[in-house]
Amino acid sequence: MTHPRIAVLALLAVAAAWGSTFFLTKDLLTRMDVADYLALRFAIASVALILIRPPAIGRLSRLDRGRGVALGITYGIAQLVQTEGLRHTSASVSGFVTGMYVVFTPLLAAVILRHKIGRWAWVAVALATIGLGVLSLRGFSLGTGELLTLASAGLYALHIIGLGAWSTPSNAFGLSSLQMLVITAVCAVGAIPGGFTLPSGGGDWAAVVYMALIAGALALIVQTWAQAHLTPTRAAIAMTMEPVFASAFAVLFGTDSVTGRMLIGGALVMTAMYLVELAPRRKFEAEVQHLAQ
């Protein structure tokens, strides 16, 4: 199996981890402030990464450290904006609007990196967007929550493009660790004005630790490594499986039932992903090359 194929499977695992946390986050936000929750989550993830491989950040070049700080700031702000937006809109609309990074990624990649996006990539982007809409939307109005979430989608797209351009298999762990520290710092600054509160019970602590270690530290390492082998658009399309997994977890462990919208929307997103895998490979591999170190 080639590295790109393994990388796509790795991103699907990341999307599954993220999808498993959506209902946990929505529940926690009824008892914790957004910035407090995020700062604690990423602080735990940072400590875990540093303990696993202490010298990783020190081995990064000065250029990679600068890039890691930029990526961490971008992701940290995106998390704050997205999570605050979730307070003001429904989970389904938030999932759809966040998934719009699948549209922003090729657009921004074309503008920033001046690379042509192939026909197959645009077809896959369109299918994924329609699938997200069918899966998530039950009516849509553009308010504060939607605007905040749309802004976060743009920031996530920038993060995906940056990882695709700057990550390599050799710097993946160090870049992930540095990003996590910076994300923690960004969220901690956001938590300062209102003071800091901790989770109130064992269940909340368990949820935060799970999201910190599995959907945080491990997911970022895997994403950083995977994007060293993929173009940004291909990575973004693979990650749009997140709401599909979120729906599956809601059915398996929550109170949701399987619906026609869920099946059709999920099928369209999966079709987009398979199109990326089955289309002429050169159409995607030539899309965005990794930047020289």
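A cavity is here a set of grid points where a 1.4 Å probe fits but cannot get out, and its lining residues are those with an atom within 4 Å of a point. In the predicted model examined here, two cavities of 30 Å³ or more are found.

The largest cavity, with a volume of about 360 Å³, is lined by 21 residues, and Trp18, Gln79, Gln82, Tyr156 and Glu242 are those that lie nearest its centre. Two or more residues of this lining are given by each of the helices H2 (22–28), H3 (34–52), H4 (62–86), H5 (91–98) and H8 (144–166), and the largest share, five residues, comes from H4. In terms of residue class, the lining of the largest cavity consists of 10 nonpolar, nine polar and two charged residues.

The second largest cavity has a volume of about 60 Å³, and its lining is formed by Trp18, Arg41, Phe42, Tyr75, Met180, Ile183, Ala215, Gly216, Ala219, Leu220 and Gln223. At least two residues of this lining are supplied by each of H3, helix H9 (172–191) and helix H10 (202–227), with H10 giving the most, namely five residues. The lining of the second largest cavity divides by class into eight nonpolar, two polar and one charged residues.

Trp18 is listed among the residues nearest the centre of the largest cavity and is also one of the residues that line the second largest cavity.

Notes:
Residues numbered from 1 in each chain as written. Predicted model: local features only at pLDDT ≥ 70, side-chain atom pairs only at ≥ 80, totals over all residues. Heavy atoms only, no water. 1 Å grid on protein atoms, 1.4 Å probe; cavity = no way out; pocket = protein on both sides within 12 Å on 5 of 7 lines; lining within 4 Å. Points joined across faces, edges and corners; volume = space filled by probe spheres on them. Helix = DSSP H or I, 4+ residues; strand = E, 2+ residues; numbered from the N terminus. Nonpolar A, V, L, I, M, F, W, Y, C, P; charged D, E, K, R; others polar.
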